[in-house]
Amino acid sequence: MPIVNRLCRLGRQIYGRRTFSTQTAAMKRMNLVSAINNALQIALESNPRSYVFGEDVSFGGVFRCTTGLADKFGKHRVFNTPLCEQGIVGFGIGLAAMGNIAIAEIQFADYIYPAFDQIVNEAAKFRYRSGNQFNCGGLTIRTPYGAVGHGGHYHSQSPEAFFCHVPGIKVVIPRGPSQAKGLLLASIWDPNPVVFFEPKWLYRQAVENVPEDDYILPLSQAEVICTGTDLTVVGWGAQMAILHQACSEGRQAGISCELIDLQTLIPWDKETIEASVKKTGRLLVSHEAPITGGFGAEIAASIAERCFLHLEAPVSRVCGLDTPFPLVFEPYYMPTKNKVLEAIKASVRF
Amino acid sequence: MAPQISTLRRALFMPAIASRFMAPSALSRSFSRSADEDCSTFTVDIAVQFKGHNVEPPAQVVETSAKELMKFFKDMSRMRRMEIASDQLYKSKLIRGFCHLYDGQEAVCIGMEAALTKEDNIITGYRDHCTYLGRGGTLPEVFSELMGRRNGCTLGKGGSMHFYKKENGFYGGHGIVGAQVPLGVGLAFAQKYEKVKGVTFALYGDGAANQGQIFESLNMAALWDLPAVYVCENNHYGMGTAEWRSAKCPEYYKRGDYVPGLKVDGMDTLAVKQAVGFAKEHALSKGPIILEMDTYRYHGHSMSDPGSTYRTREEISGVRQERDPIERIRKLILLKEIASAADLKSIEKEVKNEVEDAVAKAKESAPPDPSDLYSNAYVKGYGTQAFGCDRKHSTVVLP
């Protein structure tokens, strides 16, 4: 079968059928970059007090997610910042505190750490410590995360776990173009600060039909992509494609997996996962970030606590290794399809 | 927008126009004595005026010798060849990941090495291939590391952005811009504490100059009179953003405010040597100083950047014609009759062969052992377990 057809079929299998706020919308083939660009356009059109800023966003950004926005909406609404992440986020918090929609871009998630203090100590606590007098809910921080095959230590990290430990913000990770558009718009309109991680590996690889209209997907709602009876598999972002392949191969081996995309990591949809685990009795969580202290640990502990009597096997985690993200060793580090499949079989055999 | 572009162009080419009026001392040399050994000194005028901020600039003349000039020529030619070879290796996918090339900026690291010793420390960002070579690195180590092989300078685990040479005071090689500068201040503190007569040179670019941590650490260095020299390698573009679009004050040597600064023509090796010697003395006796090197890179930001979407090809070729550091040294050598054009050509050929041999050798070396994935996460022998992907079957005791 020609490679294009094969990819399209894989795309449809992974991204599935969605229900959107308008079901009769026209569809357009978009990749992840265009979907995000589309979402940003809609946001900038809908609210005249919305702004997109970050390093190099003016010409379109290093991944082209912000192409054409400066031309269309003006340089006073889509503008570059100097090279200062702490400054970018702090500035965004202030802008949002005055009732604006501040969409900040951190060029790579690996660079987000200078802004960590601002996110944790300022953004997450603003509403709380001011007794609801102030808030920075209009802030959305977009940042590309995850492995690309050759990114090395500082262009491949998945730092989502650090932010999941912070009450007061939301962490959202889409798995493909249609989810990205809906979730990004939802994050932008959500009255809480959101950190939105975009799987950079899928920027051009993931292509599908995306509704052209303005729609949102609900936050804090996990999505069951394939139903199954033997094992619940949970993941997010780029890892979903790997998990989907592993589940397909599992099905061939006679294992029926229920695949769930968490989508929002905090606050996460405990109900959907619990309902699934109560049905299947087994859970496997998989993410690219290192296993120790990764967000899979939170899911595993929560489910073990709430579904203990329903579990037939220990909760399984297939994640990155406990090392800095390596350069030449990336293939060893990554939670590949084969590692996931092994763990699926081991869980079922327990 | 137009006035600002022409200001930038003027700034780039002014030093070149001035250099046409360079007035050398009139001394003729015969070719019978080998230029490589001739240490007798003579002075050369520095064409572009130093600009001082809260400090009296050094003299506009510098002492040099035939031997030194020949060394400059050879070392810079080697660096230039190395970067061009790296470009080709990247395009043939033997080097993967990120590769930031330094060609055009060679005068900065060569001029620095001429004024420094191995007692001094250098710490820089990711554009570090030539800085590493200047600090005593070898070509095979460079190419092996770039291609991720085990006999690279960082055992194949670092790649282009992470070259280190501890024994020669080269502290790398850093991916996060600006983060290396506070580290440099810490190194300077250690030097002062241990009463080592050395200075730390912390290098960063014009893009990184807007990072908060640079100002935080500058305050510490000034407060405690640390022997730290901040070197802003201003190649005028932070990735694709010109300096005037990212900085309110693109005069980076003035940004220290209470810390003195000096602006140097970074394409003139001898000017760099003079300025660095001056800065070292200042740092040892009075405290930190900022050097702004007015330099230029011919390649784009990295190998994924063509380098021509934010600047014109005329600008790039103009700088190459007017201000190229290697050509400058070549002209000086020929003018002072230290060597003939043919001699210099043969040096370039020699260097080209060196580079080709090193590349061939590196291509043959092996990648690191898979067990090296786990090594050096913690100190050796720590005994900590690192969990493999599923935490049950593969646990590794870290070597």
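Which residues of chain B does UniProt give as the feature "domain: Dehydrogenase E1 component"? The unreviewed UniProt entry places that feature at residues 75-370 of chain B. Keep in mind that this is a predicted model.

**View 1. The annotated span of chain B.** Here we look at residues 75-370 of chain B, the stretch that carries the UniProt feature.

**View 2. A lysine in a loop of chain B.** B:Lys93 sits in the loop that links α2 (66-91) with α3 (106-115). With a relative accessibility of 62%, B:Lys93 counts as exposed, because the cut-off for that label is over 50%. Now find B:Cys109: 16 residues separate B:Lys93 and B:Cys109 in sequence, while their C-alpha atoms are 28 Å apart in space.

**View 3. The fold of chain A.** Chain A has 13 helices and 14 strands. Its C-alpha atoms fill a box of roughly 60 × 50 × 45 Å along the principal axes. A compact globule of 350 residues would have a radius of gyration near 20 Å, and chain A agrees, with 20 Å. Of the contacts in chain A with a separation of 6 or more, 82% come from residues 24 or more positions apart.

View 4. Buried residues account for 62% of the 350 in chain A. The accessible surface is about 13,500 Å², with 55% of it belonging to carbon and sulfur atoms. As for charge, chain A has 32 positive and 31 negative side chains, and the centres of these two sets are 5 Å apart.

Technical notes. Residues are numbered from 1 along each chain as its sequence is written. Chains are lettered from A and ligands numbered from 1 in the order in which they are written. This is a predicted model: local features need pLDDT of at least 70, side-chain atom pairs count only at pLDDT 80 or more; totals for chains, interfaces and linings use all residues. Side-chain values use heavy atoms; hydrogens and water are left out. Helices (H or I, at least four residues) and strands (E, at least two) are DSSP runs, numbered from the N terminus. The radius of gyration is taken over C-alpha atoms; the globule rule is 2.2 Å times the number of residues to the power 0.38. Buried means under 20% relative accessible area, exposed over 50%, partly exposed in between (1.4 Å probe, protein chains only). Contact means heavy atoms within 4.5 Å. Accessible areas come from the Shrake-Rupley method with a 1.4 Å probe; for residues, only the protein chains shown count as cover. Lys and Arg count as positive and Asp and Glu as negative; His and the chain ends are not counted. The place of a charge is taken as NZ of Lys, CZ of Arg, CG of Asp or CD of Glu. UniProt positions are given in the numbering used here, feature names are shortened, and annotations may be inferred rather than shown by experiment.
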